[in-house]
Amino acid sequence: MNVVPIRELARHVGETVTLRGWLYNRTAKGKLVFLQVRDGSGICQCVVFKPNVSDAVFQAADKLPQESSLIVTGTVRADARAPGVPGGYELDVASLEVIQRAEEYPIGPKEHGVEFLMDHRHLWIRSSRQWAVLRVRATVMRAIREWLDAHGFIEVTTPILTPSAAEGTTTLFKVDYFDDTAYLAQTGQLYNEAGIFAFGKVYCFGPTFRAERSKTRRHLTEFWMVEPEIAFCGLDELLEIEEQFVTHIVQTCLRQNAEELKLLGRDTSRLERVVPPFPRLTYDEAIQTLQHIQAQLQAGQIVRRADGQPLQDIPDPSLLDITWGMDFGSPHETALTQLYDRPVFVTGFPTAVKAFYMQPYPDRPEVCKSADLLAPEGYGEIIGGSERISDAALLEQRLREHGLPLEPYAWYLDLRRYGSVPHSGFGLGVERTVAWICGIEHVREASPFPRLLNRIYP
RNA sequence: UCCUCGAUAGCUCAAUGGGCAGAGCAACCGGCUGUUAACCGGUAGGUUACAGGUUCGAGUCCUGUUCGAGGAGCCA
């Protein structure tokens with residue numbers, strides 16, 4: 001039995017091969033039955049022609065329900081008419097064995113609603129679009145480790161059960177920890193900062209948890225984040241690392257997932273433009289730009305990008321209200337990113353709206369050495385990063401200003417007492433990155449089993 | 001937490017101003033040698049989310065509840 005993955009069928013034209021998989025769709029046409037068979041690597045059309053097979057095989061093929069498991073053997077031939085992934089090749093069936101006749105399958109080839117699909121997420125991941133997205137996700141995760149490992153970073157795992165908030169503001173999931181309370185980690189950053197003093201460059205990569213009551217296309221309560229941290233690194237160097245890193249991820253997906261991106265209908269020319277340098281905008285400039293865009297919109301003018309193209313998603317001008325000192329909302333991010341053809345850095349946010357550990361500019365302490373990287377096409381912030389405060393006294397002062405207790409941060413303050421150095425790091429959200437690369441509407445489809453507000457099944 | 005919208009067949013949706021509950025897909029039966037979400041003919045499929053109210057009469061109007069979707073805030 002010459003079992004071949006569908007992805008490699010092109011190399012076996014003329015040979016007799018066996019496919020093992022599941023029936024994705026079936027079209028019967030008299031003496032011809034077209035079976036679209038998935039095997040996990042792709043989808044292949046298997047043609048059952050009545051005169052070529054036994055009556056038993058033809059009967060089995062003719063009545064086979066969707067998602068039945070089967071083993072099918074036949075001759076590979078090239079045919080431009082053959083649909084599938086990658087398509088263009090089909091199997092002229094000689095024999096077929098049904099492993100299990102599936103019960104009536106709930107997910108049909110027509111459209112379904114979000115709630116129904118999410119209730120059937122365990123089955124939905126078999127559908128070709130979901131399959132493609134999750135394969136891109138696997139590439140993104142592989143590319144992340146590839147790049148970091150190749151650039152001298154050490155993966156140091158950080159705890160998921162943690163004793164307290166890193167940034168007092170965000171809501172955490174509380175769990176019983178014997179007779180005490182613990183929280184699910186929302187970041188590994190503080191532990192990474194300990195790691196760099198041992199290893200120089202480290203990263204953690206795993207799930208993080210936010211108990212925010214957010215219900216938008218950009219939010220999950222459990223999502224994956226990679227957080228690199230680098231000793232002897234300032235903000236400018238950090239931005240160069242980030243743009244190289246993101247470029248590697250995007251370009252790897254373009255190389256390795258061309259088939260998946262095609263299936264998703266992604267305009268890959270927009271991803272091909274993702275190469276360094278990414279535009280850098282200060283917060284001050286961004287505020288001016290946003291106020292200018294709002295004024296243009298309110299005057300009924302068309303807002304144009306640098307290349308002369310008008311903005312595609314026209315935001316409601318009233319949502320663009322912003323004055324110096326305010327953090328960006330998502331309408332601001334959407335408006336800003338539309339001006340550029342690649343991700344854009346915004347640096348130097350007001351110290352007051354950012355986390356306590358971010359290094360203020362010495363000559364201008366009201367802004368800090370922070371940088372967000374905003375993805376194009378409305379996918380929002382995919383990276384948040386900063387240079388960290390390296391001076392113990394200043395860090396302690398900032399903790400006090402944020403009303404945070406010093407005791408839980410004693411070990412963190414210690415790091416500034418034994419060989420403190422300037423250092424920087426960032427966190428990249430995997431699902432937002434995947435959603436952007438795939439061009440999908442909602443981050444929930446970028447996770448195999450997404451956890452959302454009001455959604456923890458299946 | 002707030003704003004907007006929604007819930008009718010397994011799924012996606014329709015049902016004029018309150019007047020017989022309907023279609024496509026899926027399922028089942030039949031037809032067809034190139035289908036691409038095939039097509040053609042047929043069968044079956046309903047406590048209109050739940051509770052109450054108005055009315056001769058409610059899927060439709062009113063009140064409440066539950067669940068869902070999109071967005072805001074917050075964030076990656």
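Reader: What is the order of the strands in the open sheet of 8 strands?

Author: This is a predicted model, where local features need pLDDT of at least 70 and side-chain atom pairs count only at pLDDT 80 or more, while totals for chains, interfaces and linings use all residues. Residues are numbered from 1 along each chain as its sequence is written, chains are lettered from A and ligands numbered from 1 in the order in which they are written, and side-chain values use heavy atoms, leaving out hydrogens and water. Strands are DSSP runs of E with at least two residues, and helices are runs of H or I with at least four, numbered from the N terminus. With mixed pairing, the order is β7-β11-β12-β19-β18-β17-β14-β13.

Reader: Which are the edge strands of that sheet?

Author: Two strands pair if DSSP finds at least two bridges between them. An edge strand pairs on one side only. That picks out β7 (154-155) and β13 (280-282).

Reader: What angle does helix α13 make with β19?

Author: Helix α13 (residues 430-438) packs on the sheet and touches β11, β12, β17, β18 and β19, where touching means heavy atoms within 4.5 Å. Axes are lines fitted to C-alpha atoms, for helices over the stretch in contact, and angles run from 0 to 180 degrees between N-to-C directions. On that basis, the angle between α13 and β19 is about 55°.

Reader: Is T351 buried or exposed?

Author: T351 sits in the loop between β14 (344-347) and β15 (360-361), and leaving aside residues up to four places away in sequence, T351 touches P360, P365, E366, V367, C368 and R398. Buried means under 20% relative accessible area, exposed over 50% and partly exposed in between, with a 1.4 Å probe and protein chains only. Because its relative accessibility is 7%, T351 counts as buried.

Reader: How many of the residues near RNA strand B are charged?

Author: Near means that a heavy atom of the residue lies within 4 Å. Asp, Glu, Lys and Arg count as charged; Ala, Val, Leu, Ile, Met, Phe, Trp, Tyr, Cys and Pro as nonpolar; the others, Gly among them, as polar. Of the 49 residues around RNA strand B, F49, H112, S330, E381 and R432 come nearest. The surface divides into 14 nonpolar and 14 polar residues, while the number of charged ones is 21.
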